[in-house]
Amino acid sequence: MTAFFQMLFKIFAAAGLAILAYCALYVLNALRIAICAYLRRPIRRYYKTLSAREGFVPRQKIPAAADIVLIATEDVSFPRHHGFSIPSILCAMRENRSRRFRKADKWGGSCITQQLVKNLYLYPKKTYTRKLAELFLSVWIELRISKRQILELYFNIVYYGKSLYGIGPAARHYMDARPCDLSMNQLISLICILPNPDRYHPLDHPELFQKAREITLRRLEKYRCITAEYAQELAAMPWNADSGSHELTVVQSFLTKNPCYRENLTNTAPKYVAFHQDGPQGLMLHSVGCARSDPSVFLKLWNCKRFDDACVHAFIDANDGAVYQTLPWTFRAWHCGGAGNNTHIGVEMCESESIRYISGAEFEVLDPDAARQHARRAYEAAVKLFASLCRSYHLPGSAIISHREGCALGVASDHKDPEHLWEGLGLDCSMDRFRADVMAQAEAAPLHVISGPPHKTKYPLWKRIRGFLLGT
């Protein structure tokens, strides 16, 4: 009997070793495919090649609202994960098990990075080998390029149906517009077809397209990117209609590593406590004083434990007018270097790359049309943001000042912004006109605030696995 059990043990051991060897060879084969695909086109060099192609839409010309819609629709954990999402994979496995899809229709649980990898490096056929190679490449690419670059590449290579690749050709074909001019309604209509562009084509299959659009609207409402009222308003619009100018995109990019953010969490000094409890008593408008039309450099540089020079509540992108909120509105910021820090919200408008500073507030204009266009777009977005804040905190127009006016009042450091920018560009803008425009906007119909990117509540992994196993 002992000899029988020994032989049985050897059989199971041999079978186990054979299975392990097979799994190891399977993994090594997937790794080989990933390495061979990547070595031919390293992502950083490939990114430069793609971005130099004619028709490539740079990041600055893709609205921030497009990121919000895409993340809410395709991959809500994109801002947090590192190339793959275990909850999404478990959810896909559960759906495939419960619905018994055909192989061609099975869900893969791919995140945005994995979809990018499949389109750039691999083949569309659904196999486990491809899926594993995709996973290896996704993790590596997340280490090599930024999230912004991943989204930029995704929007430029993804398929939109009718042999259209990239958001530029798709915007021209479907909306007869440039990507930077697309409204929220139009972005939703473009992005909702991405899971299956031929099946959800708005002209060929209007019923299926409408269902996909409704699902996208529900997801945006679920993750609080838009309000229920605005979702209903968008649902009633024609799919390619411009949803108007009463939209304000606010992207939460809190500088959690900045000393100013940390001080607001721990400092019990009266000036911090008063700002937290009473809220702002006024609003102060700034401009960055350098040729940067989008705030990505500031967000990266300022979100550091060592950066204690300054911190504001928000930046305004001069390309699409998106607001990047860097501090909660009830936090005390270090924006004007004076007593205004204790009472005012500080907002920085980005400036065009078409200007070059010479010294101090003096600059020369390289491309007047581009510089004025950037300045006007930032101005219009600032009007919307300040109107929204005035409504929220019941502030009068007299509570709005510029950095220059703050200096004259003795509550800010000696800066000339933002009037120096308007004067240097020859724009008919002033703080008196700005205050009047803000009050007119505040008294008009409320703005539709588009917020994001959305974040899922973090649950422990063991809870997700238990839910998958129990089918709950």
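A: Leu8 is partly exposed, with a relative accessible area of 32%. Leu8 sits in helix H1, residues 2-40. This is a predicted model.

Ser243 makes a contrast: Ser243 is buried, at a relative accessible area of 10%. The cut-off for buried is under 20%, so Ser243 qualifies. Ser243 lies in a loop, between helix H11 (228-235) and strand E1 (247-252). What does Ser243 touch, leaving aside residues up to four places away in sequence? The contacts are Ser183, Met184, Asn185, Tyr230, Leu234 and Met237. With Asn185 there is a polar detail: the Ser243 side chain reaches the backbone nitrogen of Asn185 at 3.4 Å.

E1 is mostly covered, with 5 of its 6 residues buried. E1 pairs with two strands. Strand E9 (residues 448-452) runs parallel to E1, and 5 bridges join them. Here Val250 stands opposite Ser451 of E9. Strand E4 (residues 323-325) also pairs with E1 in the parallel sense, over 3 bridges. In that pairing, Gln252 has Gln325 of E4 as its bridge partner. As background, side chains in a regular strand alternate between the two faces of the sheet.

Definitions and conventions
Residues numbered from 1 in each chain as written. Predicted model: local features only at pLDDT ≥ 70, side-chain atom pairs only at ≥ 80, totals over all residues. Heavy atoms only, no water. Helix = DSSP H or I, 4+ residues; strand = E, 2+ residues; numbered from the N terminus. Buried < 20%, exposed > 50% of the residue type's maximum accessible area, 1.4 Å probe, protein only. Polar contact = N/O pair within 3.5 Å; in protein donor to acceptor, adjacent residues only side chain to side chain. Contact = heavy atoms within 4.5 Å. Pairing = 2+ DSSP bridges.
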